[in-house]
Amino acid sequence: MQIHTLDKARLINEVQLGDHLNHAVEGGRRADFALMLAMLSPDHLETIPVDALPKPGKTEAELRAYFELQEPQPLTTTEQCYENGAAQAEVFHDSGLADVRLLHGLQPTALTFPPQGTKGMPEDLYHNLSGHERRMLPPKEDATIQASPQDLYLSLVHAKRFAEMYQTA
């Protein structure tokens, strides 16, 4: 009967023994020291401190929506960045630096404005190439047609009118 009570009285760490373990060492009581160490749990899962996992936080998009923040400042240029930059330059000439700072806070421009039309090369290097060397470079930009149905219809109408004019002449 005593064995089962000792089995249930497992100690998880030495803190539960208090200063009894220290007194056994100082007093030279080897039997008490050995008994207390034997009562400690050998299960490492019990002795390793396990903290509860933190609750998953909100994503950046959720926090921006909660605090009603605008989108972050873009890293590279978009078409809107050129428009914002032009608006900021106009505001600077009209009103001054304080208004430009306010406009930049409301509509931020990109951090970098890489050169356009240089096929991915630095601008100074691209301009040092001859015309022949520039033509030999592989095309980096997309060569897709930027047309809308309205433009196509207008082009067809113009082509029909020109065809009618040249057939009658």
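1. The charged end of Lys-58 lies over the ring of Tyr-66, 5.2 Å from its centre; a charge sits over a ring if NZ of Lys or CZ of Arg is within 6 Å of the ring centre and within 35 degrees of the ring normal. The charged end of Arg-134 sits over the ring of Tyr-126, 5.0 Å from its centre.

2. The model is predicted, with local features requiring pLDDT of at least 70 and side-chain atom pairs pLDDT 80 or more, while totals for chains, interfaces and linings use all residues. Residues are numbered from 1 along each chain as its sequence is written, and side-chain values use heavy atoms, leaving out hydrogens and water.

3. The protein chain has a mean pLDDT (the predictor's confidence in each residue, from 0 to 100) of 80, and 81% of its residues reach 70 or more.

4. The whole structure contains 2 aromatic pairs (ring centres of Phe, Tyr or the six-membered ring of Trp within 6.5 Å; planes under 30 degrees apart are stacked, over 60 edge-to-face, the rest tilted). Tyr-66 and Phe-67 form an edge-to-face pair, 4.9 Å centre to centre with 80° between the planes. Tyr-82 and Phe-113 are also paired edge-to-face, at 5.5 Å and 65°.

5. Tyr-66 is exposed at 57% relative accessible area, as is Phe-67 at 51% (buried is under 20%, exposed over 50%, partly exposed in between; 1.4 Å probe, protein chains only). Tyr-82 is partly exposed at 33%, and Phe-113 is partly exposed at 41%.

6. Thr-109 is buried, with a relative accessible area of 10%. Leaving aside neighbours within four places in sequence, its contacts (heavy atoms within 4.5 Å) include Gln-73, Cys-81 and His-104.
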